[in-house]
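Here are a few notes to read with the structure open beside you. Take the points one at a time and find each part on screen before moving on.

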Amino acid sequence: MDFMTIKEISPDQVIFWQWGIVSVSGTIVFTWGLMLFLVVGSVLITRRLSTGVSLSRWQNLLEVLVGGMGHEIAEISRQDPGPYLPFVGTLFLFILVSNILTVIPGFLAPTASLSTTAALAICVFVVVPVYGIRRRGLRGYLRQYIEPTLFMLPFNIIGELSRTLALAVRLFGNIMSGTKIVAILLALAPLLFPVFVHALGLLTGVIQAYIFAVLAMVYIASATRAQDERSREGEEKGENA
Amino acid sequence: MESIALIGMASIVTAGLTIGIGAIGPALGEGRAVAQALSAMAQQPDESNRITRTLFVGLAMIESTAIYAFVVSMILLFANPFWDYVISQAGR
């Protein structure tokens, strides 16, 4: 079950099936497998939900997950988590499950490929203005780029782009390095030592999933919140005056 | 010197230097951040949850610079475009 050799640093390079220029790489296979796993799992669990005192352990798991994510989002953004929970929660669950499933031999985490992480980061890049415009209007959202002065416009735009790049490379680098270091250690000091490093890699994977979701939420919050604070300040000033 | 040997040597030495030097800054930064967070938690144990969360986010941000260096060194070692080019030229 060894799909990747030590020379390949990304599951993109594992080709399962090729027809002409159309090729199905390991990233695609495992991403769709993961999506199938998540969707079928949630459908199976949510098919018979109970509102009574006794509930199945899987429903309990989902309730803890969704409730915890909503709580975290509410704490970071200080807003109602409702509109943000589907997007940020999906990002978190996808990355988390993908990183945790690396314990299964032969599973290539899709997040260890720069294509997947870049796609996720681009999703965040697109969603931040959407939430910002929906909440503050087009003018209100665009105004934040020329604050405090017009001269900050290029820096704000560069910041927007560079944080997207950082989001993608951070996740990719962490997960790729985890699997790669285990592979290198297997060649150098087999059997016992790689197990500990693999456990450390699992911890890193969970933390990185959390970080990715938190950063996405922080970016969304910064695009949606500024106006509320300013209007509140204005109200306070008006009251004082 | 032959170009294959030259490129191989330069890649290996540069990869080592990249991760070696690139790890210094983030290591110092993370040490400082953890030390500050520990003293803050010792002073305000009630706030330890919030401090821990901010600490993890901050550590990931600091660590990402080291990860960039690591990615570059991995590319130099395993997916070196110059090496691939020379090999493809030699095979011709």
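1. Start in the middle. This is a predicted model, and its largest nonpolar core has 48 residues. The residues with the most contacts inside that core are Val88(A), Leu91(A), Phe212(A), Ala213(A), Ala216(A) and Met217(A).

2. Who supplies this core? Helix 1 (26–47), helix 2, helix 3, helix 4 (114–143), helix 5 and helix 6 of chain A each put in at least two residues, and so does helix 3 (48–78) of chain B. Helix 6 of chain A gives the most, with eleven residues. As background, nonpolar side chains tend to be buried together in soluble globular proteins.

3. Now zoom in on Met217(A), one of the core residues with the most contacts. Which residues does Met217(A) touch, leaving out those up to four places away in sequence? They are Ile73(A), Ile76(A), Ser77(A), Tyr84(A) and Val88(A).

4. Next, look at how two helices of chain A meet. The axes of helix 2 (residues 57–77) and helix 3 (residues 85–100) of chain A come within 10 Å and cross at roughly 115°. Helix 2 of chain A passes helix 3 of chain A in a right-handed crossing. On the helix 2 side, the contact is made by Val66(A), Met69(A), Gly70(A) and Ile73(A). Helix 3 of chain A brings Leu85(A), Val88(A), Gly89(A) and Phe92(A). Sorted by class, the residues of this contact are six nonpolar, two polar and no charged. You have met two of these names already: Ile73(A) and Val88(A) are both touched by Met217(A).

5. Then check where the chains meet. Here 14 residues of chain A are in contact with eleven residues of chain B. On the chain A side, helix 5 (153–188) and helix 6 (193–240) are the elements that give two or more residues. Helix 5 of chain A has the largest share, seven residues. Split by class, the chain A side has seven nonpolar, four polar and three charged residues.

6. Last, have a look at the strands. Strand 1 (residues 15–19) and strand 2 (residues 22–25) of chain A pair in the antiparallel sense over four bridges. For one of those pairings, find Ile15(A), whose bridge partner in strand 2 of chain A is Ser25(A). The two strands form a hairpin with two residues between them, and Gly20(A) in the turn has a positive phi of about 65°. Is strand 1 of chain A largely in the open or buried? Of its five residues, the number buried is zero, so strand 1 of chain A lies largely in the open.

Definitions and conventions:
Residues numbered from 1 in each chain as written. Chains lettered and ligands numbered in written order. Predicted model: local features only at pLDDT ≥ 70, side-chain atom pairs only at ≥ 80, totals over all residues. Contact = placed C-beta atoms within 7 Å. Nonpolar A, V, L, I, M, F, W, Y, C, P; charged D, E, K, R; others polar. Axes fitted to C-alpha atoms, helices over the stretch in contact; angles between N-to-C directions. Left-handed = near helix turned anticlockwise from the far one by under 90°. Core = buried A, V, L, I, M, F, W, Y, C linked by C-beta atoms within 7 Å. Buried ≥ 20, exposed ≤ 12 C-beta atoms within 10 Å, placed from the backbone. Pairing = 2+ DSSP bridges.
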